[in-house]
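Please look over the sequence and the model before reading on.

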Amino acid sequence: MAVYGEFCNTLLDISTSYFYQLERGEKRLNTTLLRKLAQEFSVSIDYLLGVEEWVSSRRIPILGTIRAGIPILDQENITGYIEVPADLRVDFAIRIIGDSMSWVGITEGDLAFCRLSEIPRSGQIVAVALRDADWGATIKFYVEERGRKLLRAANPAYEDIILYPEEYRIAGVAVKFLKDPPVLADYEGFLTIQAGVSQEWEGVVAKAAAAGLEPHDLEQYAEAVRRVALKAREK
């Protein structure tokens with residue numbers, strides 16, 4: 001009973017008694033309920049009505065751009081299509097370009113499968129486009145921090161991007177990634193970058209220790225510099 005109640009109330013927005021009336025044939029499914037069921041189970045309305053047979057896969061678009069002012073899945077934004085399992089609840093895909101997310105294992109050539117959503121939660125990986133980048137679709141962490149909205153890469157070589165109204169468009173959140181098998185060169189490149197960062201910080205720590213500074217001194221100094229930089233950007 002509890003399972004039925006949650007399904008009815010949360011997913012279909014109907015009462016349990018109404019659900020049982022549908023089961024007994026006393027009520028008929030209306031268009032709204034058909035659409036909700038089709039979306040929830042990733043099937044077509046025709047399949048629910050018995051018009052077509054079950055299919056194991058379906059086709060979703062691959063976005064190259066996410067332009068403002070036109071529907072996200074408009075043909076102008078689409079560069080191709082890819083087959084995905086029929087029960088995978090995603091609406092579009094984006095092919096990764098560059099290495100801005102490489103430190104979490106998302107590398108060039110990977111495919112990010114995304115679900116439509118223009119209001120993400122802080123910390124989610126989003127499909128987003130920037131006006132300055134000619135609305136090219138990309139994948140980044142979405143972060144809300146100290147009253148600001150940011151895009152954050154998973155690579156320390158890239159700075160945060162502050163999101164300003166009318167200058168960006170979020171299309172959805174990433175829910176799954178399709179990756180080719182990693183190659184040795186990817187791992188060696190990661191080690192090279194990591195070694196360079198470690199060596200730089202070793203030098204900074206050595207100089208701070210020689211000057212008699214403690215870790216919390218450096219932390220306070222870095223915070224002071226960050227605040228000054230933020231104030232400068234706001235002017």
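This is a predicted model: local features need pLDDT of at least 70, side-chain atom pairs count only at pLDDT 80 or more; totals for chains, interfaces and linings use all residues.

Residues are numbered from 1 along each chain as its sequence is written, and side-chain values use heavy atoms, with hydrogens and water left out.

**Overall make-up**

- The chain holds six helices and nine strands; helices (H or I, at least four residues) and strands (E, at least two) are DSSP runs, numbered from the N terminus.
- Of its 235 residues, 30% count as buried. Buried means under 20% relative accessible area, exposed means over 50%, and partly exposed lies in between, with a 1.4 Å probe and protein chains only.
- Taking contacts (heavy atoms within 4.5 Å) between residues at least 6 apart in sequence, 55% join residues at least 24 apart.
- The chain has an accessible surface of about 15,500 Å², and carbon and sulfur atoms account for 54% of that surface. Accessible areas come from the Shrake-Rupley method with a 1.4 Å probe; for residues, only the protein chains shown count as cover.

**Nonpolar cores**

- A nonpolar core is a set of buried Ala, Val, Leu, Ile, Met, Phe, Trp, Tyr and Cys residues joined through side-chain atoms within 4.5 Å.
- In the largest one there are 20 residues, and those with the most contacts inside it are L63, I66, F92, I94, C114, A127 and I139.
- At least two residues of this core come from each of β3 (92-95), β4 (111-116), β5 (125-130) and β9 (168-178). The strand that gives the most is β5, with three residues.
- Another core, of nine residues, lies apart from this one, and includes I60, V84, V90 and F113.
- Not counting residues up to four places away in sequence, I139 touches I94, I96, S100, M101, A112, C114, I125, V126 and A127.
- In soluble globular proteins, nonpolar side chains tend to be buried together.

**A nonpolar patch on the surface**

- Y47, L48, L49 and V51 make up a nonpolar surface patch, and together they have about 370 Å² of accessible area. Patches are made of residues with over 30% relative accessible area and no salt bridge; like charges are joined within 9 Å, and nonpolar side chains (Val, Leu, Ile, Met, Phe, Trp, Tyr) within 5 Å.
- Y47 belongs to helix α4 (residues 45-48), and counts as partly exposed because its relative accessibility is 32%.

**Residues in loops**

- S102 sits in the loop between β3 and β4. Its side chain makes a polar contact of 3.5 Å with that of N155; such a contact is a pair of N or O atoms within 3.5 Å, where within protein one must be able to donate a hydrogen and the other to accept it, and residues adjacent in sequence count only if both atoms are side-chain atoms.
- Neighbours within four places in sequence aside, S102 is in contact with T107, A154 and N155.
- Y164 is in the loop between β8 (161-162) and β9, and is partly exposed at 46% relative accessibility.
- W135 is in the loop between β5 and β6 (138-145). W135 is not a glycine, yet its phi is positive, at about 65°; its relative accessibility of 9% makes it buried.
- R146, in the loop between β6 and β7 (148-152), is also not a glycine and has a positive phi, near 50°.
- Most residues other than glycine have a negative phi.

**Salt bridges**

- The structure has eight salt bridges, each being a side-chain nitrogen of Lys or Arg within 4 Å of a carboxyl oxygen of Asp or Glu.
- R67 is bridged to E76 (3.6 Å, N to O) and to D134 (3.8 Å, N to O). D134 lies in the loop between β5 and β6 and R67 in the loop between β1 (57-63) and β2 (78-85), so this pair ties together parts 67 residues apart in sequence.
- R146 and E145 form a salt bridge, with their closest N and O atoms 3.7 Å apart. R146 is exposed, at 56% relative accessibility, whereas E145 is partly exposed, at 23%.
- Through shared partners, salt bridges join E145, R146, R152 and D160 into one network.
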